[in-house]
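Have a look at the sequence and the fold before reading on.

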Amino acid sequence: TELSKKNFLDLGPGSGRWLDFVKKFKPNRIFAADISLEIKKKCINKVDEFRINDFEKGKIDFKSNSMDIIMIIEVLEHVRNYELFLKEIIRISKNGGILIFTMPNILSFISRIRVVFGLLPVAIASDETHVNFFRKKDINRIFKKFNQDVNFYNSTFSLNPFKPKSKLRVKSISLFGGLDDSFIFTVRVKK
């Protein structure tokens with residue numbers, strides 16, 4: 001897709017590495033939003049505009065129907081009121097806009113093995129700020145409430161239960177996509 005006429009938004013941009021990647025495609029405008037001033041300092045020079053926004057407080061500070069592509073990488077599991085957050089994302093998306101998500105899989109292969117050994121699943125053990133945990137069917141159910149369809153993509157899963165970020169990984173296929181360490185999915189917004 002030609003990005004030169006598209007508005008791109010990264011919600012929760014972290015280090016800004018995806019902003020660097022997207023910038024290569026020269027979108028019309030690049031925006032980012034996060035609650036953290038530290039993140040703003042890291043990302044301010046990578047975007048046309050950075051807004052401080054607390055995703056827990058309701059309204060996301062962008063106009064309705066203003067964004068063509070919104071990236072939400074490893075964010076949804078941190079938002080307590082995720083349904084309000086998703087409603088806002090859909091509001092600011094244009095009809096036909098693309099939402100790109102990743103999030104940890106609470107039922108990944110490695111998490112299942114860890115539980116057998118009496119350890120917490122990776123999604124819980126790896127980050128105390130995770131407040132929501134989703135299965136694939138949960139994601140589908142949540143987006144159905146908003147009349148949106150989800151497209152999942154396969155990635156990989158770790159084989160080392162004691163070192164989840166290990167390079168000992170297996171590329172998954174559709175049948176085993178539910179075992180991936182993270183979910184990767186997109187939504188083409190329908191209004």
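## Ground rules

Contact here means that heavy atoms lie within 4.5 Å. Keep in mind, too, that this is a predicted model.

With that in hand, which elements do the buried residues of α4 pack against? They pack against α5 (122-125) and β7 (156-158).

## Helix α4 and what follows

Helix α4 spans residues 109-116, and its buried residues are Ile-110, Ser-111 and Arg-114. These three cover an arc of only 100 degrees around the axis, so they sit on the same side of α4.

Just after α4 comes Gly-118, which takes a positive phi of about 80 degrees.

## Helix α6

In α6, the buried residues are Asp-138, Ile-139, Ile-142 and Phe-143. Viewed down the axis of α6, they fall within an arc of 125 degrees, so they line one face of the helix.

The buried residues of α6 have several packing partners: α3, β5, β6 (150-153) and β9.

In soluble globular proteins, nonpolar side chains tend to be buried together. In this model, the largest nonpolar core has 31 residues, and Leu-11 and Phe-85 touch the most other members. Two or more residues each come from β1 (7-11), β2 (29-34), β4 (67-73), α3 (82-92), β5 (93-104), α6 (136-144) and β9 (182-188). Of these, α3 gives the most, with 6 residues.

Which residues does Phe-85 touch, leaving aside those up to four places away in sequence? Phe-85 touches Leu-11, Phe-55, Ile-60, Ile-72, Val-75, Leu-76 and Val-79.

## Strand β2 and its neighbours

Strand β2 is mostly covered, with 5 of its 6 residues buried. It pairs with β1 in the parallel sense over 5 bridges, and Asp-10 stands opposite Ala-32 in β2. Between the two strands, the chain passes through helix α1 (residues 17-23), and this β-α-β crossover from β1 to β2 is right-handed.

β2 also pairs with strand β3 (residues 49-52), again in the parallel sense, over 4 bridges. Here Ala-33 has Arg-51 in β3 as its bridge partner. The chain crosses from β2 to β3 through helix α2 (residues 37-43), in a β-α-β crossover that is right-handed.

Terms used
Residues are numbered from 1 along each chain as its sequence is written. This is a predicted model: local features need pLDDT of at least 70, side-chain atom pairs count only at pLDDT 80 or more; totals for chains, interfaces and linings use all residues. Side-chain values use heavy atoms; hydrogens and water are left out. A nonpolar core is a set of buried Ala, Val, Leu, Ile, Met, Phe, Trp, Tyr and Cys residues joined through side-chain atoms within 4.5 Å. Buried means under 20% relative accessible area, exposed over 50%, partly exposed in between (1.4 Å probe, protein chains only). The arc is that of the directions from the helix axis to the C-beta atoms. Two strands pair if DSSP finds at least two bridges between them. A crossover is right-handed if, with the strands pointing away from the viewer, the path from the first strand over the helix to the second runs clockwise.
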